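Keep the structure open beside you and look for each residue as you read.

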Amino acid sequence: MRTEPVASDELDALRRAEIERREQRRRAREAGAAAPLRLSRRFADSDARLVRETTVPKAPAPQPLRLPPRVVHVLQRVAAELGEDSSLPDLMAERAADSTSPLLAMALQSVELVSRAEAMTGLGHLLDLAAGGLPVLTAEDRSRAEALRAGRLPLPDTDPETVDAWQLCLELNEARGRAVLSTAAWQRLVRELPLPVLDDLIDSGALGKAPAPHSWPERTERVTYVIARLDPRHLSDDDVQALGWRDEACRRTLEAGGTIDPVDGRYDEWSLRSALLGGDLSALEAVGARNSSLPTDLSDLVLALRQLRQGGNVTSALGRDRSLFGLLEDCLSNDRLVSGTTPFHYWAGTRRLYRLLDDMHWAMACEPDRTERAVRSVLQQAAALRSHESRGPAGAADREARAVQAYVGFLHARPGDRDRLDQGVGLLEDVLKRGGRRRGGVGGQLRHRMRTLSELLQSLRQKGKPHDVLNPYLALCVEHGSTEWGQGWRDLRRQVAADQLEYINGAKDRIRRLETARRLGHEGETLYELPLDERFLWVPDDRSELLQPGPRPLGRRTAPSSDEEKSWAAAQAASEIIGRCAARLRNHH
């Protein structure tokens, strides 16, 4: 009866002892001690079997990613450039080792690292990593990267399906080499490039008028600027105003015939031009001899005009500029003998010759006592115009001087003064004997007129006494054939003495007879017509490029381009390659 309870108590005691021994063994294993020696083999075997049955096997530890030394060196260099710790490549390798594709993970981390560097520098690092065996670049991207780094870019597509930074970089490279680009390519470059780089292309002549930016459908502020720099004729007045381009606005005002007034009595280049075009020579004194605010060529003109007014000579360069003849003549004093060998001297001297001839006729009518002095002035100016040259302005001035000398000689010759009459005829015949224009003579209408004058003088020479009035129009101080001769006669009548009325009345009567003969269809008497070539005396209407300049391109408004701006297109293409590589690796990873 008592056997079962005793057996049950003993079993419980054994169980508690076993549990205590297992706990001791567990603590001993954790502490690194051996199991107690007093344990029986039975319990030791039982414990070992229990451990084997309850222990779970651990997963194998990941193997570290082993990178080629060249890749490690490149990554260490990039880390140093970016200010990172030199252990960064090892940390990157540890993170990549946990990935299912460690090499792609390492490539992605590397691309993201180099993307923090400057674009072209980062592109060089990618090429080095690719050379070390890291799959960071595709074949196409590697080819583009090598071309960018070497500066040997291929030709751009003429009709690209997509326009990316690479295409823009190729087009800019071609533009710098003065290649012919399509209008679409130029539109892209004008739209995208930094403005200083665009100015570089214009300054070098790479971007010229050929793309015709004025015809582009999109007229942005930048396109307007390019038009102003290339061909401002295509700008509207509103465009000029929007650009704040005062020089072009003033130029257009002068071109339209307007005036530009000085501000507070101070002349700038445009108000000075306006004054000189209007004949206001007082502006020369207001400006001064040297004005640093004026363009050099305009300042030189002011100095030359001031010197001319003070008795200086006309320079050879100014004397050939027909557009300045009128202004130069205004600077000459009326009593100054005009002599020289430039076209201006021949032109201005001939005009002065006929003014002196008019003064002589006035003296003959109003003040006979001054006639001799007036005649000397005429002959002196005529002598200064004589030239051995038979062509051009010199030849024209020589012929006019000969005709006037012959006219004055006959007009004041005494009866029987055969030598003077012969000399007068000879002055004209010398020219006629040369033959036509190719032989140094004259041809056409001018030759016919000189022949008529010579024959008139020869007929008067045969009479031994010339007419007192060879040309009644000139005697009344009006141009030959002028319809204002009546007014000229009335003006003189109020000034001449009573004993001189016969002179001007005789001229008036001869003109009336001539007009009557013309009305009746009869041939009137032959007159000594002067000048020979009236057009030679006209003031040239040539536009002065100095005083009234044509459209001039707008000057550069940007500073010289920096190295960063010059390499902008290449940097954009490099960034595009780096970004595309990162996106591809993220997708694959």
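Cys477 is found in the loop between α24 (472–475) and α25 (485–493). Although Cys477 is not a glycine, its phi is positive, at about 60 degrees. Keep in mind that this is a predicted model. The protein has 28 helices and zero strands, and 44% of its 589 residues are buried.

- Most residues other than glycine have a negative phi, and most peptide bonds are trans.
- You can find Ala212 in the loop between α10 and α11.
- Ala212 has a relative accessible area of 18%, so it counts as buried.
- The peptide bond that runs from Leu530 to Pro531 is cis, and its omega is near -5 degrees.
- Pro531 belongs to the loop between α26 and α27.

**The overall picture**

- Take the contacts between residues at least 6 apart in sequence: 59% of them join residues at least 24 apart.
- The protein exposes about 33100 Å², and carbon and sulfur atoms supply 48% of that area.

**Nonpolar cores**

- The largest nonpolar core holds 72 residues. Leu129, Val136, Leu148, Leu201 and Leu207 have the most contacts inside this core.
- Helix α28 (residues 568–588) gives this core its largest share, 10 residues.
- What does Leu207 touch, leaving aside its neighbours within four places in sequence? Its contacts are Trp186, Val190, Leu198, Leu201, Ile202, Val226 and Leu230.

- Helix α11 (residues 221–230) is largely enclosed by the rest of the structure, because eight of its 10 residues are buried.
- Those buried residues are Val223, Thr224, Tyr225, Val226, Ile227, Ala228, Arg229 and Leu230.
- They pack against three helices that you can pick out in the model: α9 (183–192), α10 (195–204) and α12 (237–243).

**Aromatic rings**

- How many aromatic pairs are there? The count comes to four.
- One of them joins Phe344 and Trp347, a tilted pair with 6.2 Å from centre to centre and 40 degrees between the planes.
- Phe344 and Trp347 both sit in helix α19 (residues 343–366), three residues apart, which is about one turn of the helix.
- An α-helix has 3.6 residues a turn, so residues three or four places apart point the same way.
- Are Phe344 and Trp347 buried or exposed? Both are buried.
- Another tilted pair is made by Tyr407 and Tyr528, with 5.3 Å between centres and 35 degrees between the planes.
- This pair links distant parts of the chain, as its members are 121 residues apart. Tyr407 is in helix α21 (residues 392–411), whereas Tyr528 is in the loop between α26 (501–519) and α27 (563–566).
- Tyr407 and Tyr528 are both buried.
- Ring pairs also connect Phe325, Phe344 and Trp347 into a cluster.

**Charges over rings**

- Arg273 lies over the face of Trp270, 4.6 Å from the ring centre.
- Lys508 places its charged end over the ring of Trp489, at 4.2 Å from the centre.

- Arg252 is part of helix α13 (residues 246–255).
- Buried means under 20% relative accessible area. Arg252 has 17% relative accessibility, so it counts as buried.
- The side chain of Arg252 reaches the backbone oxygen of Pro232 at 3.1 Å.
- Not counting residues up to four places away in sequence, Arg252 touches Pro232, Leu235, Ser236, Asp237 and Val240.
- Pro393 lies in helix α21, and it counts as partly exposed because its relative accessibility is 33%.
- Beyond its neighbours within four places in sequence, Pro393 is in contact with Pro343, Tyr346 and Phe536.
- Pro393 and Thr350 are 43 residues apart along the chain, and their C-alpha atoms are separated by 9.9 Å.

Terms used. Residues are numbered from 1 along each chain as its sequence is written. This is a predicted model: local features need pLDDT of at least 70, side-chain atom pairs count only at pLDDT 80 or more; totals for chains, interfaces and linings use all residues. Side-chain values use heavy atoms; hydrogens and water are left out. A nonpolar core is a set of buried Ala, Val, Leu, Ile, Met, Phe, Trp, Tyr and Cys residues joined through side-chain atoms within 4.5 Å. Buried means under 20% relative accessible area, exposed over 50%, partly exposed in between (1.4 Å probe, protein chains only). Helices (H or I, at least four residues) and strands (E, at least two) are DSSP runs, numbered from the N terminus. Contact means heavy atoms within 4.5 Å. Rings of Phe, Tyr and Trp (its six-membered ring) pair if their centres lie within 6.5 Å; planes under 30 degrees apart count as stacked, over 60 as edge-to-face and the rest as tilted. A charge sits over a ring if NZ of Lys or CZ of Arg is within 6 Å of the ring centre and within 35 degrees of the ring normal. Accessible areas come from the Shrake-Rupley method with a 1.4 Å probe; for residues, only the protein chains shown count as cover. A polar contact is a pair of N or O atoms within 3.5 Å; within protein, one must be able to donate a hydrogen and the other to accept it, and residues adjacent in sequence count only if both atoms are side-chain atoms.
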